[in-house]
Amino acid sequence: MPQGGWPKEQLAGLAARRDALRQATRVPGGDHEALLDAALTELDGAIEALLGGSLTDGVPGDAVTDGLPETIRAERRLLHAAFQQAPVALFLLDRDGTIRRANSGAATLLGVPTGYATGKPLTNFVDLGSRAAVETQLAAVARTGGPRRADCRMLAAEGQLDITLTATAIDLPGDPPVLVITAAPQQPAPARSQRPRAAGKDAGKEAAKTAQGTDASIASMTQRMDMVTTVTRLLLDNSTFSEAVTLQRCARLLAGEISDWVIIDMERAGQLRRQFATGAARQREADQLARTARGVDPVPESVPWQVHAAGKSVLLAHADDPGALGAGPDGTPLLMMLGAASLICVPISDGTDGYGTMTLARQAGSPRFTVADLGLAEELGQHLAVAIRVDRMFRHRSQVAETLQASLLPARLPANVPGLEFASAYIGATQSQEVSGDFYDVFKSPDGWAIAIGDVCGKGQDAAAMTAAARHAIRALAHVKSSPVDVLAAANDVLLAGDYDERFVTVKLAFLQESGRGVQVRLGGAGHPGPAVVRADGRVEIMGGGGLPLGLFADSQPNHADLELSAGDLLFFYTDGVTEARNATQQFFEDHLADSLAADVTRTAAQTVRAVQELVTRFSRGELWDDVTIVAVMVGGAGYPAPPTFTAVIPGSRTGPR
């Protein structure tokens, strides 16, 4: 025992209460006057101990036996009835502040069933801002035996009440002393004169009260159903497929409707991380608290961590553990910083996979959470989990599509080609998440350069397989076959030998060879539209398709055409995503293609590609039902100098379908 008769356990209790008082000073809205009074009380106790004052630990008495006279048992029944039916809220506490008994007045005050409070610390039902001061005053009563009073706010069923607690100690011979606490409103309502009521009026009042309770229950159920519907609509409307956006929008909605604070924690790399935190209030102080909460990850001892690990929800109607949400950067419990008095934490799980937790917190001024609120939170957690699962599935499919699409398109166009400028653009269809069937290629051929563009029927991984086969077959065969027609015929045999589920591919292949001051072009077509020839003087010729698609028939013959390009001429290749783009009146861009190409003959190949792409996007209002692929080559010469390097234009995103 330390000097002055101060036992170690009492010294530890003093240190704990000191820390609690220090933390309580940081709680928004705390009663600093009450905290100062409590601090002085602790100081008085320390002085008494240092001067040699005694501290009574108390010795447990013998167990009560049943062999008591009837008169004594009657007295005990009388005392029990007087305690239970006393017209004031009464609590019997052990020296550590745990409630041993609470009468019916106390249960009514707290709005809990009789016996609910037994075994819980009295401070569980005290607002966080007053909790440390009340703990100090109770410890002073236990230490000195003298009465104490403390003004505080207690947590009742429908919010918080301003209460005056009066505590005194009762010595029991042979047993440790107990504390008797009375709780009375600080400003009791004026008493109303009681007038005799007719039995019929009383019955009518009771019926009206019952009807009001029924209406309140129906209204509460309706509110919960409306909340589920609202959240479901919010999740379905998340067109961005963003997990972060989904979580933030949902948290803000819940913080404004059923909770004062919402905290979302998500599992990242095997660890639970704080994703988002928001409060219903939008004041500067609340925003600062939200930023503080976002910067604190859950610790293994916290409720969110335990809920995620066990996959089981937790309802704390009275949040008694200040460390339930962990601590802030300065060590202050987050529960106290947020002023949380009631807590719900549910797993974000779809029944198979757990993604994180959602924590709802209500402050002392709000009704405490009930089992019905827990059921609503669990359902919302499941809805969130389904939305996250779908979001991650779409992201995975998008990543697969991007990877596959990147393999079907050249990483870059040839550079430093004398007298030629190449340009290209690709835009994935906005109405599809599948891998595109479009492809293009520009590569060196034995006699010059080759341009291939094609479109496979359908989308998805099967279409991508055929696209890859067609592109690579054409590139390989172009080095051993002398004409585009022969290349396409041989590629048809390759595709027929494969198993592509009756898919086919349209292709246009061009061999470019220098000829004097111009370029000779030999074309081979297999059911593919175009290309368009834009002459330097502004004339535009849309060439026909012709030929049968590859992969259908063994005896199909590709179409053949030859043309000459002079300086300033442009050869414009495209897929049917360009010509079949539609506007709001279901008109096709095909009718506007020639005018778009002839609009400005001074444009380079890159500028022409960019202009057509923008026109198609504007024409369709960004709603593309098919992929748009464009490849253009312009011939340079006298009066129209060739650029020193090519320009590859890929406006927007070239990463595949979205």
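Helix α7 covers residues 243-257, and its 15 residues reach 21 Å from first C-alpha to last, close to the 21 Å expected at 1.5 Å a residue. That expected span is 1.5 Å times one less than the number of residues. Helices here are DSSP runs of H or I with at least four residues, strands are runs of E with at least two, and both are numbered from the N terminus. This is a predicted model, where local features need pLDDT of at least 70, side-chain atom pairs count only at pLDDT 80 or more, and totals for chains, interfaces and linings use all residues. Residues are numbered from 1 along each chain as its sequence is written, and side-chain values use heavy atoms, leaving out hydrogens and water.

Back to α7: its buried residues include E243, T246, L247, C250 and A251. Buried means under 20% relative accessible area, exposed over 50%, and partly exposed in between, with a 1.4 Å probe and protein chains only.

| Residue | Relative accessible area | Class |
|---|---|---|
| C250 | 1% | buried |
| C457 | 35% | partly exposed |
| V386 | 34% | partly exposed |

As for disulfides (cysteine sulfur pairs within 2.5 Å), the count is 0.

V386 belongs to helix α11, residues 371-408.

Now for strand β11, residues 420-427: 8 of its 8 residues are buried, so the strand is largely enclosed by the rest of the structure. L420, F422, S424 and Y426 point one way, while E421, A423, A425 and I427 point the other. β11 runs antiparallel to β20 (residues 628-635), joined by 8 bridges; pairing takes at least two DSSP bridges. Y426 has T629 as its bridge partner in β20.
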